[in-house]
Amino acid sequence: MKQFYLKITVWAIAWTFTIWILVRTMIRNLAPLVFSVTEDDVLAEIFGQLHGAVIRTPVFFSVIFSAASGVLIFRRNRKTAAYYVYGGITAFVLFLVSFVFSLYFTEVNQVLLSDVIKVLYPLIRSGLLEGVL
Amino acid sequence: MRRGVLCHIHNTIVIFILVISIVSIISFPGCRKVNGPFRQSGSHWTCGFDAREIVPDNFETGTYYIAGYGVGKEATGILDPQFVRAVWLDDNSGRGGVVMVSVDCIGLARSDLENIRADLMVFAAETGCRSVNIFSTHTHAGIDTLGIWGPVLRSGKDEDFMNKLRSETVSAVLAAYDARTDGELYAGSAIIEDILNDSRDPQIFSRDLYRIRFVPFDGSCGLQMIHFGAHPEALRSENTLVSADFPCYLGRRIKDLSGDEFIYFNGAIGGLINTRRLTDENGQELDVYASTVRTGELLADAALGITDEEFLEPSLNIRSITFNTPLENPVFLIEKFLGILSTEVVRGKGTYNRMVVTEVSYAEIGNLKAVFVPGELFPELAYRTPDSFIGAAPDNEGPLIFGEIIGDDDFLVFGLANDEIGYIVPPGDFYLHDTLPYIENGRDITGRRHYEETNSVGSRVAYDLAEALEEIMKEIASE
């Protein structure tokens, strides 16, 4: 039983740390991705600021979520195909949720990225900024 | 017995922690130190002055942007160098001196100013300096110090220039203190006709040019502190040369004709007070350079012609307060995000849950009352607006005007003091563009253009500023 909890703890810490690294690396390097998708200089410049961003990864959420998934995974003794599919989905959902949360709460120079996107997105989409920039 | 001793030790520790906590809270930099009553006086004035050039050493090879009009306008040369000027003023009441610095620039954000104050902390501790106040002349021909006049999405601020500005300001303050001498202070004013222009109704602005003159007992050269409310933009938008604009020529003439040193402070210049393009004796418009020089010289002549001077009692009283106001301007928000603007913000109320942190001060120099305002104040907020004027948002009841708060109609507004947060617009005339608020100029039903709103933090600033000033005045009244 003790070994079971130890496994879950190690699993949760390892996952949280991996997610933490992945999310931060991805957010800090979003600018080229955004530019390749949108070809918009303004958005690329905005996302370029994320190099120096304060990124708040929801560590508590990651720990709880990965520990819960750890319980489900380590309770099974037989490693079936469904087990791997389940593990993959868990990892993806955990990453996606952490990424979205982190992005939402990412702050650059005391300003939330989500606020900047909320301001700029409708303006860029409607073309209203074309005559201004 | 042993339990009693332990209990006593425990209580002592709790009391000790409580005392330490209270002392820490009181001595936190955000709290104001109050040394006795607000109004105190000494036996005589002590004043020191120094001025230093702040043009970058690598100006010829570097790229610098002119601040004030369009973005990305590179400076092509120097018409006259930008200066930082510092005054040390002490009423010898035993409370320590006050530093007043004026920088030839468009404006300084509070964070840059706090860096300078931090550099002066040792100086303040050694000399007993009780207040450091930094003003900007708001020249529209200076190198960008706010960052918003660089190429689109890029800061126009140059780090080396900002570092030089910072170090030269500190040096000027130290030198002003070292150059201090005892003397008397006089104040007088002149009414300036036919120079000022108000581009936005109502036509409310101060036509007074004030001069506070220091006369040393030892007969050495004195100091003329000039206060006048107008945008230094006589060089207009086509100019690409670095200049302090008309205050430079005002100062030069004062020095040439009187031998006195000079420092310039701006007034309530919002909405939008500037100087007219002057004409020659045939009525032909002078070119902008000649007009700028002439404007400065006319103002100098008015200052030198002041005859109604009054002796100012050696009593310098100042009280400051920091306050927060919601950041509603999305352009400022994005500029802040991009690191272009270094305006200080904290979490709080407003559209984006961000508040700009700034400060206001009330001062009395002898019997001269003054409010130090952190931006470009619409004069309507300081003085009365005629009842006949109906603004674009008449339903918005405005805050108390400064005259009502101070309880006196005779006072000076020192603009761009200890921060530059942009225009401070009366709520009753605050009007935004329908689809691009804060980005494009709004036009109200009468066709009036509302440009200043695009360069303002938001619609709440006037209220928050007035409330902060009221708090100072209540505090003073309660002493």
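This is a predicted model: local features need pLDDT of at least 70, side-chain atom pairs count only at pLDDT 80 or more; totals for chains, interfaces and linings use all residues.
Residues are numbered from 1 along each chain as written, chains are lettered from A in the order in which they are written, and side-chain values use heavy atoms, with hydrogens and water left out. Local features need pLDDT of at least 70 and side-chain atom pairs count only at pLDDT 80 or more, while totals for chains, interfaces and linings use all residues.

Chain B holds 9 helices and 24 strands (DSSP runs, H or I of at least four residues and E of at least two, numbered from the N terminus). Of its 479 residues, 55% are buried, that is, under 20% relative accessible area with a 1.4 Å probe, protein chains only. Along the principal axes, the C-alpha atoms of chain B fill a box of roughly 100 × 65 × 55 Å.

Turning to the interface, 18 residues of chain B and 22 residues of chain A take part in the contact (heavy atoms within 4.5 Å). About 1800 Å² is buried between the two chains, 69% of it on carbon and sulfur atoms; this area is the accessible area (1.4 Å probe) that two parts lose on being put together, summed over both. There are 3 salt bridges between chain B and chain A, each defined as a side-chain nitrogen of Lys or Arg within 4 Å of a carboxyl oxygen of Asp or Glu. B:Arg354 and A:Glu107 meet through their side chains in a salt bridge, at 2.9 Å from N to O. On the side of chain B that touches chain A, helix H7 (330-337) and strand E17 (345-347) are the elements that give two or more residues. The largest share, 5 residues, comes from H7(B).

Conventions:
Buried means under 20% relative accessible area, exposed over 50%, partly exposed in between (1.4 Å probe, protein chains only).
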